[in-house]
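Please walk through this fold step by step. Start at one helix residue, move to the sheet, then finish with the charged pairs.

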Amino acid sequence: MITHSVFFRLKFPKGSSEEATFLSAAAKLSTLPAVKNFASLKQTSSKNDFDYGLTMEFENQEEYNGYNIHPDHVSFVNTYWEAYVEKFLEIDYEVIG
């Protein structure tokens, strides 16, 4: 199982229409093939500079690779991610053992 997580800060203020547009578009990623346990996250502490996160799981590397090249994911990155995200950290991991 691969867990794909991204934590980010948007270029736009919290509560803005741009924030709502981005989060709505991001939530649609949950419908892509092979995506499991999708969650949109909101930071609750001041321990880092990120305000939001997305996390999802894939059964294996092949399914994760398929997600990365899926036309809807590529469109989301080109249309929303690149234009709306100011800073991010991406972490992909597997459980040890």
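**From helix to sheet to salt bridges**

His73 sits in helix α3. Helices are DSSP runs of H or I with at least four residues, strands are runs of E with at least two, and both are numbered from the N terminus. This is a predicted model: local features need pLDDT of at least 70, side-chain atom pairs count only at pLDDT 80 or more, and totals for chains, interfaces and linings use all residues. Residues are numbered from 1 along each chain as its sequence is written, and side-chain values use heavy atoms, without hydrogens and water.

His73 counts as buried because its relative accessibility is 11%. Buried means under 20% relative accessible area, exposed over 50%, and partly exposed in between (1.4 Å probe, protein chains only). Beyond its neighbours within four places in sequence, His73 contacts Leu29, Leu32, Tyr67 and Asn68. Contact means heavy atoms within 4.5 Å.

Now the sheet. Four strands form an open sheet, ordered β2-β3-β1-β4, with antiparallel pairing. Strands β2 (36–42) and β4 (85–94) are the edges, each pairing on one side only. On average, neighbouring strands are turned by 15° against each other, direction ignored. Helix α3 (residues 71–84) packs on this sheet and touches β1 and β4; its direction makes about 115° with that of β4. Axes are lines fitted to C-alpha atoms, for helices over the stretch in contact, and angles run from 0 to 180 degrees between N-to-C directions.

Strand β1 (residues 2–10) runs antiparallel to β4, and nine bridges join them. Two strands pair if DSSP finds at least two bridges between them. Within this pairing, His4 stands opposite Asp92 of β4.

What about charges? The whole structure holds three salt bridges. A salt bridge puts a side-chain nitrogen of Lys or Arg within 4 Å of a carboxyl oxygen of Asp or Glu.

Arg9 and Glu86 meet at 2.6 Å, N to O. Arg9 lies in β1 and Glu86 in β4, 77 residues apart. Arg9 is partly exposed because its relative accessibility is 22%. Glu86, at 48%, also counts as partly exposed.

Asp51 and Lys14 form a salt bridge at 3.4 Å, N to O. Asp51 is in the loop between β2 and β3 (52–58), while Lys14 is in the loop between β1 and α1 (17–27), 37 residues apart. Lys14 is exposed, at 60% relative accessible area.

Lys87 pairs with Asp49, their closest N and O atoms 3.3 Å apart.
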